[in-house]
Structure formats: structure tokens, C-alpha cells
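Here is a short report for a first look at this structure. Please keep the sequence and the 3D view at hand while reading.

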Amino acid sequence: MSVAAMPSRPVRKRLLEANPSVAWFLAILALFCLGVTALAEATGTGALSTSMIKTLGKTLCLCLVALAMDVVWGYQGILSLGHMAFFGLGGYAIGMWLMYARTEIIVAESLAEAAIPPTPAEIEDAIATQIFGVVGSDQFPAIWAFADSLVLQLAMVVAVPGLLALVFGWLAFRSRVTGVYLSILTQAMTLALSLYLFQNDSGLRGNNGLSGLQNLPGLDAVDQATVSIAFFYASAAALAAGYLLFAWVTSGKMGSVIRAIRDDEARVRFLGYHVESYKLFVFTLTAVVAGIAGALYYPQAGIINPAELAPIASIYLAVWVAIGGRGRLYGAVIGAAFVSLLSSWFTGGGAPDVDLGVYTIRWTDWWLVLLGVSFVLTTLYAPKGLGGLIDVIEARRARRRVGDYGPDKGALRREEGPPQ
Amino acid sequence: MTTLLEVSGVSVTFDGFRAIDNLSIQIGEPELRAVIGPNGAGKTTFMDIVTGKTRPDTGRVTWGERSISLLGLSESAIAREGIGRKFQKPTVFEAQSVRDNLAMSLRNDRAPWKVLVWRETEADAARIAEVAEEIGLTAHLARPAGELSHGQKQWLEIGMLLAQEPRLLLVDEPAAGMTPAEREHTTDLLKRIAATRAVVVVEHDMEFVRRLGCKVTVLHEGSVLAEGSIDHVTADRQVIDVYLGR
Ligand SMILES: Nc1ncnc2c1ncn2[C@@H]1O[C@H](COP(=O)(O)OP(=O)(O)O)[C@@H](O)[C@H]1O
Ligand SMILES: [Mg+2]
């Protein structure tokens, strides 16, 4: 209608054309949200418990970080085994504000009864003692300087993972570290970060981590049923936005160049593209999205501790994407949702034990073995993962539509003559 | 004809083996130059040095009116300076369509943020159509490059080179795996391009080189053995001994 609306239309159209999965994905996600709304305690019949809503909301966040993983691995070809570090950092960044602001309210309430009004310094000390008492400190570490500001901590959600990825990526890509060496380097990064956070003097409460994150400061009157559905919606919105963002990045010429780098980076250099800049862009962008996913995840989980940044977490992430099917965005979402939900079912004791007479298979112990075997089998026999099933369905539909009359590949080959 | 590329006194050693030995070559603009020599003479390594893939131990490589040194530049920066390269083994992006392969090579801004918001203009579309016509792949634009025949991949790679509009084209054994008709078309095309640009062609096939009708440089053990017209070099005693007389 308006002139301003004109140029954006073809872009949107092309995005949908190049990536038909976008419309499908958004439709399915919307349906899922409607279903959950109808069944949630706060908005519907209450058939789904609050903890179930939280599990679903957390799963959406895991889908978002899996999308990021798919872009950096499946499209850009960097097998990063450190993206859960960025996820964890996003969680810590928002957790600092949640913990600070809530403790501040509690401290203010308890000091209000004192005869002499407390000075700001006294309030500050009381908050510090509350938060850092468990690690034997009553001082705020320097990294908590902005913890009283929601806006600044939200900026940290983006800035901390972004900066770490930028510096790490710059050092690694500049020296042209690739392949398995790069993967090991990313593992070393997340391991180092996790070990550092485990220390009591890391400034983030050592192995206690940050807790009570499900309680939103100043919103004590709002029950968890409402909070959980709000976070569920926020997670769904973030996942939708992430899907659109990555569909845009991986389509068009950018998608072309990054897939070309994945397949033959030396050749792309001779076309004049500065390969390292592209890798750095994708690595940093996906790290930022991982951070945002983490910032939505941990308030629903309620607690974050350094174990969340352990190397194994990032390996699981790669396993989800591999099982779901890398190199296609919906594959990552399917993999993360399917495997993480299945995982909590098995490890949560949901799966019945199998009595073999001589031995009882307890899934809480054997689930990891099952996951490992599935991973190996997928990698060997179904490299397209669960997402590959969509290809099978599409191929069947296409066959039914076209019949046997169209030219097959052999017919096309016969037409290839010498260029005229 | 002014000098566009000057390689002087360049040497490269791989694990003690001297692949390029005090090599000096000048290429003018416009010029068509054929480089011949037996296997292992250092022809591909010469291209590796010019395009920044291999750093020489000694010597200078200068480029353009201002004689800037290419030795400090990265591969991508050298390509952006206007040096395009076709590899001996055709390397196209097989998973992507012919059209995407060409679009990626077009002479547009290569910075990530520019590429992110890039949208094909009419000029771009016209250029892709023109190149596709030139390389005879108009009917195959939508096909994945991996489905093309060997000869067609060679053509696509030449097309990607054309789309870049470089000032200097380095073409490594373009006619390998081509039919006689395709070879003839290749010589015509190279000659046409060389009317306005510098083109260096490495080729084994003497007939092919003869048809190019240009100055020939014979490489042997990493340095220039002879240089001149095809008749001049084929009459050269040393050339006959090491190369033609085998
Ligand atoms: N990266 C490398 N490492 C070791 N030796 C190399 C390398 N590149 C080329 N060579 C050697 O240098 C010599 C010249 O090779 P090349 O330039 O490919 O010859 P050609 O004239 O056949 O293209 C050969 O003996 C080759 O084995
Ligand atoms: Mg060679």
C-alpha cells in the first residue's frame, strides 16, 4: 500500500519461497501455543501442571539454542562444542539481576523494622551478605556492578556471550584452526569457564550457582502458574523470532556463501570473500542467540550452577542436532524437542523398567547408553536425521503428483551437448 | 601494453625441495600468455604464489599501476584486487545451483553485512544471464552444480571467473576433459577475454597452445627455460630436450 511497504514485500516473499519450512514451522508453533493455552492452569482447563508448562517452555529454549547450533555446525560447518557455555552465560547474566533485585526487596523489608533507618551502604552490605554468605563473603564482586539494573543485565545477556564468542572466534579463525582441533578448542573454552565458575571466589557463588530465579522480584503476588505461561509465551516468541532470523541468514547470498565455506573454504577465499569474517559473524550471532535462549531458560529452571556449562552439555546439544538432522532448521528443533523431552521422561523415571529375569534395565541408568547408540546409528545410517523423514514424505507426495511421465535425470543428461 | 603483474626472483622450497627457483615473469595488460612445462615444473605453484596460497621464500610479486606488493595480502584481498583463478581440478560448489555459484562470484561487495542484505539487481540478473549464455549453461541454471558433467563443471568455473570480472585471469589446464568442440570454444573465449584483460593459461596440449597464438613461457624445474612465440620455443634446443623430445 504505502511506498515504504513496497521494498520489503519481495524479501518476505523470497524468504518464504526459499524456505517453505518457515510458514509450516510458525503455523505448528502457533497451534502448539494455542493447545498449551487451552490446557494450562492459568489460562485454561489446568490439565497441564505448572511444572509441565515450565518443562515445555524450557524445551522451547533448548530448541532455540539447537537452532543456533545447527546454523554454526550444519550451515557454517563449525562443530562448536561450546555453545552451551554461551547459553549458560546468558542464564547467569539474567540470574544476577533476578537474585539481586529479589534479595534487595527482602532486605529492605527486614531493615524497615529497625529503629534507625539504614544507610544505602548498610543496605548494600546486607544484600551482599545475603547473597555471598554461602561462599564466605560479604562484598559484591566487581562483576555485579550492574546487577541492580534490569536493562544493563539484559544488555549483558547479549554482550557477554557475544564478546566471548568474538574474542575466541577471532583468535581461533585467524590462526585458521579448523575441524576437530577447533571442536577441541571450544570444549576447552567451556571447560575452563565451568571450572572457573566452580571456584568460590569466581564472584558467582561457586558451585552453589544462582538460585530462586523462578521468583520474579516485585511480582510475589503473581502465582507461578501465570509466571510459567508468560515465560512459555516469551520462549515461543523467541523461538519464532530465532527461526525467522536464521531462515533469513541462511537463505539468499549469505546462506550461499556460508554453505560454500562449509564445503570448500579455500575456494571461497579465491572468490574474494574474507572467510574468517563470515565465520566470526556466524559464530558470534549464534552465541548471542544461545545467550538469549539461556536467559529465558534459567528463570524457568529456577537455578543455574557451573555444571550447566560443563563440556558434556555442549556435546548433548550436538547430539540433538545430529539426531534431528543438521543443515535444516526444523531438524534442529525436532531433535532438541524430541531428545530432550524423551531424556527427561527416561531420567525422570517415567519409563518403566524392563525386567529381563537375570537383569533389570533401569532407564535412569541406561538412557545415556540408548542415546549414545541412537547417535551412532543416526550418524552411520541416517545422516539426515529425523528431519530426513520429511524428505521421504515429500518425495512420495511429489511422485504421486507427477507420475512417470516427466523427464528423469537420465533424460536430462542426454540433452547436455557441448556448449554452443 | 603496460605491465600488470611482475614476478621477480621468486623461490619456493617445500621440505628442502626447490619447486620454484629464481622465477621471473612479467604479464602485461591486456595480454594472453601460455605457460607450458612438464609435470612438476611448478606451473600450479606459480599460480599459488600469485594468488597468495603459497608464500615464497624470496623474491617480489608486484601488481598494478602503483606496483603494490601482493606478498603481504591475504588470498581474499588478492582476489578483490582483481586476480581470478580457475583450478586444475574443477572446484565448483556442487551442493548449490549453477545460478547460486555464479551469483556468489559476481563482482559485488564482499563484506558480510553487505552480502547479508544483498538483493539481486536487474544488472546482476542480466550479468548472470550473459555469463550463462557465454558458457552454454543457460538451460542448467537451476540445476545443482554437482549434477553437471566434467566439461560443464570446467565451464561453470570459467563462468565464475568471468562473473568476477578480474583484471588478471589465471587459468590452470582449462581444456582437461573437454571434447574437441569444447576446446575450440575455450580457445575462442580465452582469446576474446584477453583482448581487454590479462590472461595466463597453463596447458599441456600443444595444439591448444598453438591455437591460442600467443607468447609462450616454458617452465622447467621451477624457472623459465624459454620464452617467445610458439615456433620460437618449439625450435629451442633445450626445450626439445627437456619437454618436447621426451
Ligand atoms: N604444498 C606442497 N608441498 C610439497 N611439495 C609441493 C607442494 N606443492 C607443489 N609441490 C611440488 O612442487 C613441484 C611443482 O608442482 P606443481 O606446481 O603442481 O607442478 P605443475 O607444473 O605440474 O603444476 C612438484 O614436484 C610438487 O610435488
Ligand atoms: Mg599443475
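## Chain A as a whole

The secondary structure of chain A consists of 15 helices and 4 strands. This is a predicted model. The C-alpha trace of chain A spans about 95 × 60 × 60 Å along its principal axes. Chain A has 420 residues, and 45% of them are buried.

## A nonpolar patch on chain A

Which residues make the nonpolar surface patch of about 1,100 Å²? They are V354(A), L356(A), V358(A), Y359(A), W366(A), V369(A), V373(A), V376(A), L377(A), L380(A) and Y381(A). Helix α13 of chain A covers residues 363-381. This helix gives the largest share of the patch, 7 residues.

Take L377(A) as an example. L377(A) is one of the patch residues, and it sits in helix α13 of chain A. Its relative accessibility is 44%, so L377(A) counts as partly exposed. The cut-offs are 20% and 50%: partly exposed lies between them. Patch residues need over 30% relative accessible area.

## The shell around ligand 1

Now to chain B. The residues around ligand 1 are F14(B), F17(B), A19(B), N39(B), G40(B), A41(B), G42(B), K43(B), T44(B) and T45(B). By class, this shell has 4 nonpolar, 5 polar and 1 charged residues.

Where do oxygen atoms of ligand 1 meet the protein? A backbone N or O atom of K43(B) lies 2.8 Å from one of them. For T44(B), a polar side-chain atom is 2.7 Å from an oxygen atom of ligand 1. For T45(B), a side-chain N or O atom lies 2.5 Å from an oxygen atom of the ligand. On its own, ligand 1 has 560 Å² of accessible area, and the protein covers 61% of that. Two elements of chain B give two or more residues each to the shell: β2 (17-29) and α1 (43-50). The largest share, 3 residues, comes from α1(B).

## R18(B) in strand β2

Strand β2 of chain B also holds R18(B). Is R18(B) buried or partly exposed? R18(B) is partly exposed, because its relative accessible area is 43%. That value falls between the 20% and 50% cut-offs.

R18(B) and E221(B) are 203 residues apart in sequence. Their C-alpha atoms are separated by 8.1 Å.

Technical notes. Residues are numbered from 1 along each chain as its sequence is written. Chains are lettered from A and ligands numbered from 1 in the order in which they are written. This is a predicted model: local features need pLDDT of at least 70, side-chain atom pairs count only at pLDDT 80 or more; totals for chains, interfaces and linings use all residues. Side-chain values use heavy atoms; hydrogens and water are left out. Patches are made of residues with over 30% relative accessible area and no salt bridge: like charges are joined within 9 Å, nonpolar side chains (Val, Leu, Ile, Met, Phe, Trp, Tyr) within 5 Å. Accessible areas come from the Shrake-Rupley method with a 1.4 Å probe; for residues, only the protein chains shown count as cover. A salt bridge is a side-chain nitrogen of Lys or Arg within 4 Å of a carboxyl oxygen of Asp or Glu. Buried means under 20% relative accessible area, exposed over 50%, partly exposed in between (1.4 Å probe, protein chains only). A residue is near a molecule or strand if one of its heavy atoms lies within 4 Å of it. A polar contact is a pair of N or O atoms within 3.5 Å; within protein, one must be able to donate a hydrogen and the other to accept it, and residues adjacent in sequence count only if both atoms are side-chain atoms. Ala, Val, Leu, Ile, Met, Phe, Trp, Tyr, Cys and Pro count as nonpolar, Asp, Glu, Lys and Arg as charged, and the others, Gly among them, as polar.
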